[in-house]
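Here are some quick notes from going through the model with you in mind. Have the structure open while you read.

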Amino acid sequence: MPAQITVSAVIIRNDAGQVLAVRKRGTTLFMFPGGKPELGESPIDAAVREVSEELGVSLDPALLRLIGTFTAPAANEEGHSVQATVFEHPLVPIGEPLAEIEQLRWIDPSAELDELAPLLKDEVFPVLAAQHRKIRSLAVFTGSASGDSPIYEQAAENFARSVAASGRAIVYGGGRVGLMGSIADAARAAGGDVFGVMPQVLVDGELAHPGLTSLEVVPDMHARKHRMSELADGFVALPGGAGTLEELFEVWTWQQLGIHAKPVALLDVDGFWQPLLNMLDHMTDQGFLAPQFRDSLVVASEPEALLDALSSWEAPAAKWGARSKN
């Protein structure tokens, strides 16, 4: 029986779904960032320390999600096997390789490459490829007002409860007012995780929700939208105003350009989105919006139907060719 090496490893994916892999100096195979724990060190602490040493990146232990424990032949130590506790962390800025790391590479989990360590090629990547379309978290765009009809607040609360019941997390703008606040309150009351992202100026204005799973404060609105897109596996717009439209169209445009391959959806509460959908049909008829992109927008009037559609969604080909590698 081969001697066993214990390691912690971290999966970091970019917006195109590719996974960061590293190659150590003097070796030929790519593996996950990570390494062996020190004496008395927990798997999470080892993962955070190793990634910091190899990439100069500070991971948030609270955001490390356990994928599982996997065993495979060791890549660089003949006659040994490796038992890896594998975590996933949201995308963070990646710089130059440090320490013994010579090369970084973003790899599609479905790719069949000979230069992958057995742990990646035979154990973890097949699991990731099978889960590629799994929606674990949803970014929700909606109004900081509640609207003039109680049906909007009822629909927002119902949607939030459905998301929580499905085991998915909600990522949103972090506010405590309007439909934003209603969604956060309902999801938390149902036992769901809610992650807020809010610019400092709005936190200073005392608009932040006090009861979230976590609230991340960012410098400005641009950083907010980018961070929400990193944390989410899909996007859903509920009734709202100009800000909701701006957020919706930006992430939908990113999808069309291949910057991400995540579904974008509208929860059509009481026909709220019908005028917009008519305009999108007009854009398509006039040749300004390609039919495949119009069809890529998920529309449903009930939460369960929307969640089912997101789970079976297929990304359209990007407008200008290959999807982003960043």
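**Notes on a loop residue and a helix**

1. Asp 233 comes out at 18% relative accessibility, and because buried means under 20%, it counts as buried. Bear in mind that this is a predicted model.

2. As for where to look, Asp 233 sits in the loop between α6 (221-231) and β11. Leaving aside residues up to four places away in sequence, Asp 233 touches Lys 134, Ile 135, Arg 136, Ser 137, Lys 262 and Pro 263. Take Lys 134: it is 99 residues from Asp 233 along the chain, yet their C-alpha atoms are separated by 7.9 Å.

3. Now to α10, residues 303-311. Which of its residues are buried? They are Pro 303, Leu 306, Leu 307 and Leu 310. These cover an arc of only 95 degrees around the axis, so they lie on the same side of α10.

4. What covers those buried residues of α10 includes the strands β7 (137-141), β11 (234-237), β12 (264-267) and β13 (298-300), along with the helix α3 (150-165).

5. The axes of α3 and α10 come within 9 Å and cross at roughly 45 degrees, so the two helices are oblique to each other. The crossing of α3 past α10 is right-handed.

6. On the residues involved, α3 brings Asn 158, Phe 159, Ser 162 and Val 163 to meet Pro 303, Glu 304, Leu 306 and Leu 307 of α10. Sorted by class, that contact has five nonpolar, two polar and one charged residues.

Key: Residues numbered from 1 in each chain as written. Predicted model: local features only at pLDDT ≥ 70, side-chain atom pairs only at ≥ 80, totals over all residues. Heavy atoms only, no water. Buried < 20%, exposed > 50% of the residue type's maximum accessible area, 1.4 Å probe, protein only. Helix = DSSP H or I, 4+ residues; strand = E, 2+ residues; numbered from the N terminus. Arc of directions from axis to C-beta. Contact = heavy atoms within 4.5 Å. Axes fitted to C-alpha atoms, helices over the stretch in contact; angles between N-to-C directions. Parallel < 35°, antiparallel > 145°, perpendicular 65-115°, else oblique. Left-handed = near helix turned anticlockwise from the far one by under 90°. Nonpolar A, V, L, I, M, F, W, Y, C, P; charged D, E, K, R; others polar.
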